[in-house]
Amino acid sequence: MNNGKQSTNVEKKEIKMITRPKTERKYERVLDAYDLCRIIAKHRDRIAFSYYDKSKNLCHLSYARFYNRIVRTAAGLTQLGLAGKKIAIIGETSTAWLASYLAILVTGSVAIPMDKELEPSAIIGLLESVDADAIIYSSSFNGKLAGKVSKDSSLKHFIPIDPDEAELSQPGTIAYRAMRARGKLDVDAGRFKLSPIESRETLAEMLFTSGTTGSSKCVMLSQKNIFAVVNSALQSVDFGPDDVIVSVLPVHHTYELAILLCELDLGVRICINDSLTRVLKNFQTFKPTGLILVPLFVYTMYKKIWAEAKKKGKDKKLKAGIVTSHAMRKLGIDKRRQIFAEVLNSFGGRLSKIVCGGAALNPKMIEFFDSIGIEICEGFGITECAPLTFVTPYYARKIGSVGPAVPCCQGRIDGTNVGSHGYLEGEIQIKGDNVMLGYYNNPEANELAFTEDGWFRTGDIGYMDDDGYFYVTGRLKSVIVLENGKNIFPEEIEEYLADIEYIAESVVVGRQSGSTVNLVAIVYPNMAMFKENASASVMLSTIEKQINLLNKRLPSHKQIKKVEIREVEFEKTSSRKIKRFLVK
C-alpha cells in the first residue's frame with residue numbers, strides 16, 4: 001500500500017491553481033436529524049423553499065412552517081406505529097418529500113429514498129428484499145403501488161402525498177395530509193414532541209445503488225455517516241445564508257440530498273425546479289446564486305452559451321471578451337460580470353458558483369466558466385461514503401483535481417505504477433466517519449468492498465499530488481485492456497470527444513477484432529449543429545473528420561478506430577449519468 005507521495009524520476013505535471021480569499025463560514029455544526037431540526041426552527045421566517053404547486057402557482061414556505069411539517073409528520077408516523085420502522089420515500093423533489101425524510105430520521109426510523117425512474121414492480125421487489133414497512137409516494141405513483149403487493153409482503157402502509165379517491169380505497173392507505181393532521185392533534189395536545197436521537201451509529205438510511213452490471217446492492221448508512229458529510233460540506237463549500245439555490249438533481253440521489261441538508265443548516269433559500277424542460281426558465285424566475293450539478297448539465301450550459309453566441313453572430317465577440325477579461329485580471333481588474341452580462345443573464349444574472357460532482361468534469365469547463373465569472377468547484381463522492389469524499393477548496397482550486405479529502409475522512413492510493421503525471425496511480429480508497437456500515441445482507445459484497453486493514457475500495461482509479469489533492473482518471477470496471485497490455489480509461493477519451501461541438505454525448509468501448517482490441521466511439525450528435533434534415537451519413541462524416549483531427553493529437557494506443565452514430569440519447573440514471581453497462 002502507498003500513500004501516493006513517493007518521489008519518482010518522472011517529471012511531475014504542473015497543475016494550474018486558481019486562488020481567492022477565504023470567506024467566513026456561517027453555520028452550526030450538526031450532529032444528527034434532531035439537531036438539524038433544532039437549527040431549522042431557529043431560521044424562523046426566512047424562506048426555506050420556493051416551488052410551484054400542481055396548478056403552477058409559485059409558492060413559498062418559511063423555515064418555521066417547514067419545521068412544523070417535519071414535527072407533525074413525525075407525530076403522524078408515530079401514531080401509525082411506524083417509529084423505528086423502515087419507510088421508503090419516492091417521487092419528485094418536494095417539501096413533503098424532505099419533511100418526510102427528516103421526520104423518518106428523527107423518529108429513529110430508517111429512511112429508504114427510492115429512484116422515481118424505477119418500474120413499480122422493481123420498487124416493490126427492492127422494498128420487499130429489505131423488509132420495508134411503509135412507503136410515502138407522490139401522485140405519479142398513484143394506482144401503481146398500493147394493492148400490487150403479495151399477502152405476505154412486509155409493505156403494509158401506503159401514504160400517498162396527493163391521492164385520488166381510488167387510491168384511498170386501497171387497504172392500508174392513508175393520505176399524507178391526513179396522517180400529518182393526526183400528528184398535529186397529538187403535537188397540539190402535548191402528546192408528542194421531538195426527542196434526541198438515541199444512537200447516531202445504528203442504521204438510519206438504506207440506498208439502492210447499481211453497479212456496472214445493473215445489479216443493485218443496498219448501502220446502509222448511519223446518522224453519523226450522513227451528518228459527517230453535511231458538516232464537511234458546510235466547512236468546504238462556499239455557500240452562505242444569503243444564497244439562493246435551484247435544486248435540479250433528483251432528491252433521492254445522496255449527493256443532492258446531502259447538499260440540501262447542508263443548505264437547510266445554513267438557512268439558504270431552496271428553489272425547486274419542476275421540470276428539466278423548464279430549467280432555464282426557472283433560472284430566470286429564481287435567479288440563483290449557486291447550483292449543484294453533474295457534468296452533463298455543465299456541458300449543456302456550455303454548449304448552449306456557444307450555440308446562442310453563434311446564432312446571434314456574437315461568438316467572435318465572446319472569444320474576444322474572454323481574452324480581454326484575462327488581460328484585465330492579470331492587472332487586478334475584474335470586470336467579468338459586466339463583460340459577460342448577457343451570458344450571465346441567461347442563467348438569471350446572479351449565478352457565481354457551481355459545485356459539480358457525480359462524474360469526471362472536463363477541466364476546460366472549469367477554465368471557461370471561470371473566464372465568464374462562474375466558479376466551479378469539482379468534488380468526488382460515492383454512495384457508500386454518504387457520498388462526499390473530496391472537494392476542491394473554493395479558495396485554492398486546482399484545475400482537473402477533485403480536491404483533498406474533506407474533514408470527515410482520509411484518502412489513499414493503492415498502486416505501484418507511476419503515471420505520466422509523475423505520481424503513483426491506483427485505486428482510490430477511503431476511511432472515515434462517512435464510510436457506510438456495509439451492504440445489507442450481502443457478506444460477499446462487503447468482503448470485496450473493504451481492504452484487510454478496513455479501507456473502503458471505491459473502484460475508481462486516480463492519483464494524489466504532493467499537496468494531497470486527488471485526481472480521478474477512470475473506473476476499474478470500465479478499463480479497456482489492449483492486446484499490448486496497456487490500460488485505457490474510456491472516460492479520458494470521452495473528455496476529448498466532449499470538446500467536439502458536433503458531439504452531444506459519447507461512450508468509448510473496446511471491440512475485439514482478431515487479436516486486436518480497437519477503440520470505438522459511440523456518439524449521439526449535437527443536433528443543434530446540423531441542418532434540420534441532415535442524414536445520419538452526413539453527421540457521421542462530419543464527426544469522423546473531427547475525430548481524425550483529434551487522433552493526430554493522441555498517442556496511437558488511444559486513437560479512435562471507428563465511429564458509430566446513435567439516433568437517440570444514451571439511457572441515463574436519474575442523476576443524468578450514462579448507463580455504461582448497457583452500451584456494448
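**Close-up 1. Packing of helix α10 against helix α14 in the predicted model.** Helix α10 (residues 295–311) packs on helix α14 (residues 363–372) with about 55° between them and their axes 11 Å apart, the axes being lines fitted to C-alpha atoms over the stretch in contact and the angles running from 0 to 180 degrees between N-to-C directions. That angle makes α10 oblique to α14, a label left for angles that are not under 35 degrees (roughly parallel), over 145 (roughly antiparallel) or 65 to 115 (roughly perpendicular). Val298, Tyr299, Met301, Tyr302, Ile305 and Trp306 of α10 meet Met365, Phe368, Phe369 and Ile372 of α14, where contact means heavy atoms within 4.5 Å. By class, this contact of α10 with α14 comprises 10 nonpolar, no polar and no charged residues, with Ala, Val, Leu, Ile, Met, Phe, Trp, Tyr, Cys and Pro counted as nonpolar, Asp, Glu, Lys and Arg as charged, and the others as polar.

Close-up 2. Gly349 lies in the loop between α13 (341–345) and β13 (353–356), helices (H or I, at least four residues) and strands (E, at least two) being DSSP runs numbered from the N terminus. With 26% relative accessibility, Gly349 counts as partly exposed, between buried (under 20% relative accessible area) and exposed (over 50%), using a 1.4 Å probe and protein chains only. Leaving aside residues up to four places away in sequence, Gly349 touches Arg337 and Leu344.

**Notes.** Residues are numbered from 1 along each chain as its sequence is written, and side-chain values use heavy atoms, without hydrogens and water. As the model is predicted, local features need pLDDT of at least 70 and side-chain atom pairs count only at pLDDT 80 or more, whereas totals for chains, interfaces and linings use all residues.
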